[in-house]
Amino acid sequence: MGRGKIEIKRIDNTTSRQVTFSKRRSGLFKKARELSILCDAEVGLLVFSSTGRLYDFASTSMKSIIERYNETKEDPHLTMNASSEAKLWQREAASLRQQLHNLQEYHRQLLGQQLSGLDVEDLQNLESKLEMSLKNIRLRKDNVMMDQIQELSRKGSLIHQENMELHKKVSLVHQENINLQKKVYKTQSNGHPTADFSPSEDGKH
């Protein structure tokens, strides 16, 4: 179960109030530091506890931040510039929202949805874009298939070459076995000479 909402009111218990102050202060200073880093903002933060102790954070110099604050507060042009900047960001956000809406609508139309508001010319343009997209997809598919065929052909050539090398090795081993058998047969023949049937001096065998 999720945590219930905490009622925002003064904490009566002194110990609980000090613990909460310490935790909330740490979180607040962490957020201030992250804001200055992430957004390149100049941030200054001053906090006084209930006992009067000062806690402060400054992304640059607290003195320069306070001076800048005083100058901005006293100069109406700077305030006007800040207001103009806010309006600029509001217009930018509205433009981005409109672009997002247009992209989402275009995406749905590509899926064949929400076509009721399109006239013949719009439908023809959409059809042309779909045909072009389909053509690009088919071209990409053909290229991928051709690459795969070439890769398979290359692997087939390597396998054929390996088979040829293996066949040569087998033939060489076979020839070596034949030569070895010949040597063994020759050695056996030399160890058992044939009988001498030449006639003796007295004519007797």
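Which residue follows α1, and is its phi positive or negative?

1. The residue after α1 is Asp40, and its phi is positive, near 55°. This note concerns a predicted model, and the points below take up its first helix, its salt bridges and a surface patch.

2. Helix α1 covers residues 14-38, which makes 25 residues. From its first C-alpha to its last, α1 reaches 36 Å, close to the 36 Å expected at 1.5 Å a residue.

3. The N-terminal end of α1 is capped by Asn13. In this cap, a side-chain oxygen of Asn13 lies 3.1 Å from the backbone nitrogen of Thr15.

4. Which residues of α1 are buried? They are Phe29, Ala32 and Ser36. The cover over these buried residues includes two strands, β1 (44-48) and β2 (54-58).

5. The model has three salt bridges. One of the pairs joins Asp12 and Arg10, whose closest N and O atoms are 3.7 Å apart. Both Asp12 and Arg10 are exposed.

6. Another salt bridge is formed by the side chains of Arg68 and Glu42, at 2.4 Å from N to O. This pair links distant parts of the chain: Arg68 belongs to helix α2 (residues 62-74), Glu42 lies in the loop between α1 and β1, and the two are 26 residues apart.

7. In general, an α-helix has 3.6 residues a turn, so residues three or four places apart point the same way. Glu151 is partly exposed, with a relative accessible area of 31%, and Arg154 is also partly exposed, at 43% relative accessibility.

8. The surface also carries a nonpolar patch, formed by Leu46, Phe48, Leu54 and Ile66. Together these residues have about 380 Å² of accessible area. Leu54 is found in strand β2, one of the strands that cover the buried residues of α1. Leu54 itself counts as partly exposed because its relative accessibility is 42%.

Notes. Residues are numbered from 1 along each chain as its sequence is written. This is a predicted model: local features need pLDDT of at least 70, side-chain atom pairs count only at pLDDT 80 or more; totals for chains, interfaces and linings use all residues. Side-chain values use heavy atoms; hydrogens and water are left out. Helices (H or I, at least four residues) and strands (E, at least two) are DSSP runs, numbered from the N terminus. The expected span of a helix is 1.5 Å times one less than its number of residues. Buried means under 20% relative accessible area, exposed over 50%, partly exposed in between (1.4 Å probe, protein chains only). Contact means heavy atoms within 4.5 Å. A polar contact is a pair of N or O atoms within 3.5 Å; within protein, one must be able to donate a hydrogen and the other to accept it, and residues adjacent in sequence count only if both atoms are side-chain atoms. A salt bridge is a side-chain nitrogen of Lys or Arg within 4 Å of a carboxyl oxygen of Asp or Glu. Patches are made of residues with over 30% relative accessible area and no salt bridge: like charges are joined within 9 Å, nonpolar side chains (Val, Leu, Ile, Met, Phe, Trp, Tyr) within 5 Å. Accessible areas come from the Shrake-Rupley method with a 1.4 Å probe; for residues, only the protein chains shown count as cover.
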